[in-house]
Every structure is written in structure tokens, then in C-alpha cells.
Amino acid sequence: MSYHFSVTLNGPFDAAIEKATAALKEKGFGVLTTIDVQKAMKEKIDETIRPYTILGACSPRHAFKAIQAEDKIGVMLPCNVLVQETADGKVEVSIVDPVASMAAIDNADLGAMAMEVRELLKSVADDLSAA
């Protein structure tokens, strides 16, 4: 089982972040965190990597239900969306598959919810590839 959905976009890196954020919003997700890993690596260990940003996406309605079903679920939240520049200069957007994430937790309520969130996130990837 794959643990992510990935699509490759043409265009600038910052535009890909904006497109991903907008596509997430259309499906009811907000971006709670934005981690500029490229900047952090330079600041923390003086290493240079390609543009690499992690967006912490959250559907408040689903997160609320998940917390009600499993009080430690916060260690698995939010759903991460990775935006990275590839070696050929394109931009790849990879979205976590929540079903793969939740497979480690034996809770039927979470499994059903993960399937619902998977469909929403897969539709975000589909929307990005169609754009």
C-alpha cells in the first residue's frame, strides 16, 4: 500500500504551494502549519537542500470526530502535504494517505473516517493534476 498520492506540477514552487492550499480549502481543509524545511536546514545545520515545504492540513470536522474516537490521535494529525522541487525543476505535491497512517490504530471508527478523508485528499490531488 502506498502511503501518499503525488502529482507533478509545472510552474514556480511558490505557485504550487498556493495551488495546493487553495485546492485543500475547496475540500474543507485549512493549513495549520507551514514548515519551510529548506530554510530550517540552512538555519539549523547550515545545509542546503532543494525547496521542500510541508503543509499541515486539517479538516476541523474530521479532526474533531477523530479526537472523540481516539484521544491520542493527535500524534497522527494533521494530514501532511509535501511540496518539493524535483531534480528536473518541476514541483511535486505529495499528500499523505490517511488510511495508511491509521492502519496502525485498531479502531473501526477511525478506519471509516480515514476512508472518507482519503477520498477528499485524493480529490485534492486529482484537482491539482487537472489544473
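**Exercise 1.** Find the bridge partner of L9 in β5, then describe how β5 pairs with its neighbours in this predicted model.

*Solution.* Step 1: L9 has V91 as its bridge partner in β5. Step 2: β1, residues 4-9, pairs with β5 in the antiparallel sense, over six bridges. Step 3: β4 and β5 also run antiparallel, joined by five bridges. Step 4: β4 and β5 form a hairpin with five residues between them. G89, in the turn, has a positive phi of about 85°.

**Exercise 2.** Decide why β5 is described as largely enclosed by the rest of the structure.

*Solution.* Step 1: a residue counts as buried under 20% relative accessible area. Step 2: five of the six residues of β5 are buried, so the strand is largely enclosed by the rest of the structure.

**Exercise 3.** Describe the largest pocket by its volume and its lining.

*Solution.* Step 1: the volume of the largest pocket is about 180 Å³. Step 2: its lining includes Y3, H4, Y52, I54, V81 and I95. Step 3: β3 (52-58), β4 (79-85) and β5 (91-96) each supply at least two lining residues. Step 4: by type, the lining has seven nonpolar residues, three polar and no charged.

**Exercise 4.** Examine the backbone at D46 and at P78.

*Solution.* Step 1: D46 is not a glycine, yet has a positive phi of about 55°. Step 2: D46 sits in the loop between α2 (37-45) and β3. With a relative accessible area of 54%, D46 is exposed. Step 3: L77 and P78 are joined by a cis peptide bond, with omega about -5°. P78 is placed in the loop between α3 (60-69) and β4.

Key. Residues numbered from 1 in each chain as written. Predicted model: local features only at pLDDT ≥ 70, side-chain atom pairs only at ≥ 80, totals over all residues. Heavy atoms only, no water. 1 Å grid on protein atoms, 1.4 Å probe; cavity = no way out; pocket = protein on both sides within 12 Å on 5 of 7 lines; lining within 4 Å. Points joined across faces, edges and corners; volume = space filled by probe spheres on them. Helix = DSSP H or I, 4+ residues; strand = E, 2+ residues; numbered from the N terminus. Nonpolar A, V, L, I, M, F, W, Y, C, P; charged D, E, K, R; others polar. Buried < 20%, exposed > 50% of the residue type's maximum accessible area, 1.4 Å probe, protein only. Pairing = 2+ DSSP bridges.
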